[in-house]
Amino acid sequence: MAEHKGKCIVVGGGPVGTLTAVFLGRRGFHVDLYEARSDIRSAENVSGRSINLALSVRGLSALKHGGIEERIRSIGIPMHSRYIHTDKGSYTIPYGKKGQYLLSTDRLELNRQLLSVAEKSENVNLYFEHKLVNCDTRIPSATFQKAGSEITKTGDVLIGCDGAYSAVRRQMLKGRMDFSQFYIEHGYKELCIPPTADGEYAMPPNHLHIWPRHEYMLIALPNLDKSFTCTLFMPFSKYEKIVTGNDVIDFFNVNFNDVVPLIGDSLLRTSFFELPPLPLVTVKCSPFHHGKTALLLGDAAHAVVPFYGQGLNAGLEDALIFDGLVDKFGCDFEQIVPKFSEVRVKAAHAIADLSLYNYMEMRSHVATPWFLLRKKVDGFLNFLFPSSFIPRYSMVTFTRIPYDQALKRAKVQDKIVDNGIIIAGGLMLTAIAFAAYKTDWKSFDLSNLTLDRVIEKAKHLW
Ligand code: FAD
Ligand code: EGO
C-alpha cells in the first residue's frame, strides 16, 4: 500500500489503542501509535505478577475481527460458572447452557500479543516512552515528551485511547464537552493465591470465584501458571483500620476465613501492604469527538467500575464499531468521527450505569440466597421464553445487544419478574386464606395429625 489514505495519531498503547491501530493499519491508513511507558514486551518489564480480567463476547468479537481471537483463547482460561463462597459452604451456577463462558485473560499478555500484531503491520509505527503533554484537537497536533525533549506531530485525525485519566480528553474538555467523574466509596486491592505445594490450582480453576459479604467483596480469577488473582473490594474507611499483619489475618479470619490457608498466612501479611488500595472511578463525557479531527475510545471516553467486568469489553467493542464506520464511510473522517459519538455515547453511559447498579446490588441485598433465587428465576424464564427473556447479566455479557437497549429491556424484565413474584406470592396467600377459611378448626385435633389425615382433609376440601 504505497498511497496513504490519511495519517492517524493514536495515543495510548493499551489494548484499545493497539487494536485500533491494527484496524486502521489494515485499511491502509498510516498510523503512529504513542505510548507513555516503555515496551511491556522488553525484558526489564517482567514483573512476575499476573493481573487478569474477564473477557466476554464483546471483547472477543473485536479480537476475532483483528484475527487474534484464537491466540487469545489459547492464553485464557474459560470460566463456565460462578463459584459462590458463602460462610456456610459453596455452590456453582453455570453461565449458560449454550456453552457460554468468561475468559480469564492475563492483561499484560493480551497487550503483548496485540502489540506484536500491530508491529507486523507495515503501516503502523510504535513509539514507546512518548508521553502526550499537550495537543490541539483542531489541527490536529500532539506534543510528546521523549527523554526530556518535546516533539510535536500533526496528522489527519487524533485518537485518544489513553485511559481513564486521558490527557487527550483533558484538552477536549476546553471545548464543548460535557463531563462527569464519580469515585465510589470502595477501593480495590489485588492479592495472589499461589499454586499448591504440588503445583496445582488451589481451587477449581474454571470458575469466577465470588465471596459476597455485603460491604466487602472478594473475587478470584485463574491464571495459566496455576495461581489465582484475587481482588478485594472494600470501603477506603475500612482499609484505614487495617494497619498491621495481625489486623489483616483477623480481618480475613472473620470475613473470608477459607481464603487464609489459600493465600497463606505469611504471604497475606506482607502482600496486603505492598500497594495502597486503589480507587474506582466512573467517567462519562459527551460527545466523544471534536469536529472531524479528534476522537476518544476506550476508558478515555468511558471509564466504568468493574462490577460487570465490561470495561475492556466495551473499549474493544468501541474499536470494532469504529472500524465498522471506517468500512462504511471509507476515509471520510467528517462522517466517521461524529457518527461514532452518535452511535456510542448512549451505550457507554448505559454500561456505566449498569456497572454502578451492579455495585449497589452486590453490596446490598445480594446476600447469597437472593443471588441464587434471582439467578434461578432468570434461568427458568429464559428456558420458558428463550428469545424474549434474556437475563440482564447475559444480555450484557453474552450478546452484542447495544448496552442502552440491554438496559431498557432489563428494566422491563425486572418489572415482569418483580410483579410475577408479587402475583405468585399473592396467589399463595389467597390459597392459604381460602384453606384456612374452609378448615373446620374445632375438629382439628393435632394429636391425630398424620400425613394420611392431612391428605384426607385436603381431598375433602376439593
Ligand atoms: P488503558 O488500559 O488504561 O491504557 C491506556 C494506555 O495509555 C496506557 O498504556 C497508558 O500508559 C497510556 N497513556 C496514558 N496517558 C498517556 C499519555 N499522556 N501519553 C501517552 N500514553 C498515555 N474490564 C473487563 O472487560 N473485564 C474485567 O474483568 C475487568 N476487570 C477490571 C478490574 C479492575 C480492578 C479494574 C480497575 C478494571 C477492570 N476492567 C475490566 C477494565 C479495564 O481494565 C479497562 O477498561 C481497560 O484497561 C481499558 O483499556 P484502554 O486501552 O482504554 O486504557
Ligand atoms: C443478582 C445477583 C443480579 C466483578 C448478582 C446480579 C458481576 C456480577 C466484581 C464479579 C458476575 C465479570 C465481577 C456476576 C448479580 C467480573 C460479575 C455478577 C464480582 C465483583 C465480575 C455473575 C469480573 C451480579 N463478571 N462479573 O452473575 O456471576 O452478578 F463479584 Cl465484586
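Two strands pair if DSSP finds at least two bridges between them. The model is a predicted one.

Take strand E14, residues 207-213. E14 and strand E15 are joined by 5 bridges and run antiparallel. Within that pairing, Trp 211 has Leu 218 of E15 as its bridge partner. The two strands make a hairpin with 2 residues between them, and His 214 in the turn has a positive phi of about 55 degrees. E14 also pairs with strand E5, residues 81-85, through 4 bridges, and those two run parallel.

Is E14 buried or exposed? Of its 7 residues, 7 are buried, so the strand is largely enclosed by the rest of the structure. In a regular strand, side chains alternate between the two faces of the sheet. In E14, His 207, His 209, Trp 211 and Arg 213 point one way, while Leu 208, Ile 210 and Pro 212 point the other way.

Now ligand 2. E14 and E15 each supply at least two residues of its shell, as do helices H11 (333-363) and H12 (368-384). H11 gives the most, with 3 residues. In total 18 residues surround the ligand, and by class they are 13 nonpolar, 2 polar and 3 charged.

Which side chains make polar contacts with ligand 2? Arg 82 has a side-chain N or O atom 2.7 Å from a ligand oxygen. For Tyr 95, a polar side-chain atom is 2.8 Å from a ligand oxygen. Tyr 393 places a side-chain N or O atom 2.7 Å from a ligand nitrogen. The protein covers 96% of the 650 Å² of accessible area that ligand 2 has on its own.

Methods. Residues are numbered from 1 along each chain as its sequence is written. Chains are lettered from A and ligands numbered from 1 in the order in which they are written. This is a predicted model: local features need pLDDT of at least 70, side-chain atom pairs count only at pLDDT 80 or more; totals for chains, interfaces and linings use all residues. Side-chain values use heavy atoms; hydrogens and water are left out. A residue is near a molecule or strand if one of its heavy atoms lies within 4 Å of it. A polar contact is a pair of N or O atoms within 3.5 Å; within protein, one must be able to donate a hydrogen and the other to accept it, and residues adjacent in sequence count only if both atoms are side-chain atoms. Accessible areas come from the Shrake-Rupley method with a 1.4 Å probe; for residues, only the protein chains shown count as cover. Ala, Val, Leu, Ile, Met, Phe, Trp, Tyr, Cys and Pro count as nonpolar, Asp, Glu, Lys and Arg as charged, and the others, Gly among them, as polar. Buried means under 20% relative accessible area, exposed over 50%, partly exposed in between (1.4 Å probe, protein chains only).
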